[in-house]
Amino acid sequence: MKALKFTLSGNTAFFKVPSVNSNCYFTYGNIHKPALLGIFGAILGYSGYMNQTSTYPEYYDKLKDLQVSIIPNRRNFKKKIQVFNNSVGYASKQEGGNLIIKEQWLEDPSWTVYVMISNEESEKLADHMIHRRCVYIPYLGKNDHPADIHDISYVEISENKELGCMINSLSPYDGINFDMSEATFKYEEFLPIRLDSELNQHELQKFILTDAIAEDTKMAVYKAEDKNIVFC
């Protein structure tokens with residue numbers, strides 16, 4: 001079985017948490033699947049929300065069945081509040097039309113991403129990326145944060161049915177049982193996993209990243225080079 005592997009990074013990133021604080025906009029701690037599909041849609045030239053004519057935007061409708069695995073290349077990314085002005089004139093009803101924006105950004109984020117080659121769209125995406133073809137500029141959450149995509153290659157993956165291993169990728173919390181007795185690190189967060197069909201809002205799922213040993217699993221674990229990963 002084959003997968004596309006690449007490194008995704010940037011100077012900063014902002015994956016907006018929709019529950020907005022009146023004083024600051026916050027970011028998720030890691031990239032999530034809907035954001036990844038948006039990057040893939042940009043690479044392939046699929047349209048987004050502005051030209052939506054069906055249940056989902058074109059990019060999501062075509063790419064939602066892709067299976068992806070995400071390995072953060074650091075255990076956690078630093079977050080910093082950025083303050084800047086939106087002075088386009090119509091951003092605020094206050095005198096001068098100036099709006100002060102506060103956003104929480106991830107600093108120097110980096111992920112290793114795997115895409116399972118399992119259908120026509122995954123093959124098309126892999127061909128574009130291997131040959132470095134891109135229709136639109138990909139970015140990490142919004143266009144203030146250009147994405148750097150490098151170290152692109154094909155890798156062989158195989159199902160790993162042996163227990164007693166560490167899972168290197170972000171994993172659905174309810175998909176794997178970990179022995180936490182000797183764990184030294186655990187990250188948990190509810191991250192977007194898909195769009196709902198009515199309002200195209202994010203549906204959330206709890207994910208975990210830890211150095212604990214997996215005791216039992218309800219989902220397939222794959223071996224990719226020296227990493228154990230799960231796809232979602």
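**Aromatic pairs and charges over rings**

Author: This model is predicted. The count of aromatic pairs comes to eight.

Reader: What makes phenylalanine 77 and tryptophan 111 an aromatic pair that is edge-to-face?

Author: Their centres are 5.3 Å apart, and the cut-off is 6.5 Å. That makes them a pair.

Reader: Why is phenylalanine 77 called buried?

Author: Buried means under 20% relative accessible area. Phenylalanine 77 has 7%, so it is buried. Tryptophan 111 has 0%, so tryptophan 111 is buried too.

Reader: How do you know that tyrosine 222 and phenylalanine 231 are edge-to-face?

Author: The angle between their planes is 80°, and the limit is over 60 degrees. Their centres are 5.4 Å apart, within 6.5 Å. So this pair is edge-to-face. Both tyrosine 222 and phenylalanine 231 are buried.

Reader: Which residues do ring pairs link into a cluster?

Author: Tyr49, Tyr56, Tyr59 and Tyr60.

Reader: How do you know that the charged end of lysine 206 sits over the ring of tyrosine 173?

Author: The charged end is 4.1 Å from the ring centre. The distance limit is 6 Å, and the charge must also be within 35 degrees of the ring normal. Lysine 206 is listed as sitting over the ring of tyrosine 173. Lysine 2 likewise lies over the face of tyrosine 154, at 4.5 Å from the ring centre.

Methods. Residues are numbered from 1 along each chain as its sequence is written. This is a predicted model: local features need pLDDT of at least 70, side-chain atom pairs count only at pLDDT 80 or more; totals for chains, interfaces and linings use all residues. Side-chain values use heavy atoms; hydrogens and water are left out. Rings of Phe, Tyr and Trp (its six-membered ring) pair if their centres lie within 6.5 Å; planes under 30 degrees apart count as stacked, over 60 as edge-to-face and the rest as tilted. Buried means under 20% relative accessible area, exposed over 50%, partly exposed in between (1.4 Å probe, protein chains only).
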